[in-house]
Amino acid sequence: MAEKTILPEEQRCLWERMLAEADGDYRRRRLVLLMIEFYKKPMEDLLSEHTSKPVSMRRPERVHISSGVRQYGSCRMERGKKDICFLTFSRHLFFEGNLDRLRNVVCHEMLHACLPYSEGHGRRFRFFMEKINEAFGTEISVHSPEETIKQTEKLYKYKVVCGSCGNVTYYLRAGALIKNPELFRCVKCHESNFRIEQLR
Ligand SMILES: [Zn+2]
Ligand SMILES: [Zn+2]
């Protein structure tokens, strides 16, 4: 039986203060990294306890703070890269008094980073989500605004993912970028490394 990992009052106060003062992406990212550091081992232990082999969380290769409003967080993984993930958190999570929601979103994405590439919000995700909520006193859910992204996909015909930074864009029709991706560069990272998925 894993020990309960309830957030100690002292830790909570420190994070609350950091959140109130997180007026730049550097500080926001630092707070997220502290949270990950705090929950990583307890989460791995909890998952390992229910799995036949030890579970270790993918290392966040990058923690990005986005200006996105469509989703609070995301954990991107690449097939074949078993040890790393790319985490994104919306800037809109970071305001005074929102620590619990931030913590839920961070733990939600951490759980993705502990599970296989293809799991999504599947059976195992939901099982461990309950276990984590019990043990950590969190309220992770699957009703995150991530769902809205899936709906967006239904409208569009093409999804273009930058293989270098993970930036995602959607297109209604096969324009120049879809036809000749090698001629274009990502607006975020300036690499030309697009993966195009036809959605319907
Ligand atoms: Zn999720
Ligand atoms: Zn890029």
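None of the five residues of strand β6 is buried, so β6 lies largely in the open. This strand, residues 194-198, belongs to an open sheet of three strands in the order β5-β4-β6, with antiparallel pairing. The edge strands of this sheet are β5 (168-171) and β6, each of which pairs on one side only. From one strand to the next, the twist averages 20°. The model described here is predicted.

Within this sheet, β4 and β6 run antiparallel and are paired over five bridges. Val161 has Arg195 in β6 as its bridge partner. Strand β4, which covers residues 158-162, is joined to β5 by four bridges, again in the antiparallel sense.

The loop between α6 (176-179) and β6 contains His190. This residue has a positive phi of about 65°, although it is not a glycine. Most residues other than glycine have a negative phi. His190 is exposed, because 10 other C-beta atoms lie within 10 Å and a residue counts as exposed at 12 or fewer.

A further open sheet of three strands has the order β1-β3-β2, and its pairing is mixed. Its edge strands are β1 (59-66) and β2 (73-76), and each pairs on one side only. Neighbouring strands of this sheet are turned by 15° against each other on average, direction ignored. The parallel pairing of β1 with β3 (residues 84-90) extends over seven bridges. In this pairing, Arg59 stands opposite Ile84 of β3.

Helix α2, residues 25-49, lies across β1 and β3 and runs at about 140° to β1. Helix α3, residues 99-114, lies across β2 and β3, with a direction at about 15° to β2. Of the 16 residues of α3, 14 are buried, so this helix is largely enclosed by the rest of the structure. The length of α3 was also compared with expectation. At 1.5 Å a residue, its 16 residues should span 22 Å, and the end C-alpha atoms are 22 Å apart, which agrees.

The domain assignment divides the protein into domain 1 (9-136) and domain 2 (156-198). The C-alpha centres of domain 1 and domain 2 are 27 Å apart.

Confidence in the prediction was examined for the protein and for its elements. The mean pLDDT of the protein is 88, with 92% of its residues at 70 or more. Helix α2 has the highest confidence, at a mean of 96, whereas helix α5 (residues 146-155) has the lowest, at a mean of 52. Where pLDDT is low, the predicted coordinates should not be read in detail.

Key
Residues are numbered from 1 along each chain as its sequence is written. Chains are lettered from A and ligands numbered from 1 in the order in which they are written. This is a predicted model: local features need pLDDT of at least 70, side-chain atom pairs count only at pLDDT 80 or more; totals for chains, interfaces and linings use all residues. Two strands pair if DSSP finds at least two bridges between them. Helices (H or I, at least four residues) and strands (E, at least two) are DSSP runs, numbered from the N terminus. Axes are lines fitted to C-alpha atoms, for helices over the stretch in contact, and angles run from 0 to 180 degrees between N-to-C directions. Two residues are in contact if their C-beta atoms, placed from the backbone, lie within 7 Å. A residue is buried if 20 or more other C-beta atoms lie within 10 Å of its own, exposed if 12 or fewer, and partly exposed in between; C-beta atoms are placed from the backbone. Domain bounds come from an automatic or database domain assignment. pLDDT is the predictor's confidence in each residue, from 0 to 100. The expected span of a helix is 1.5 Å times one less than its number of residues.
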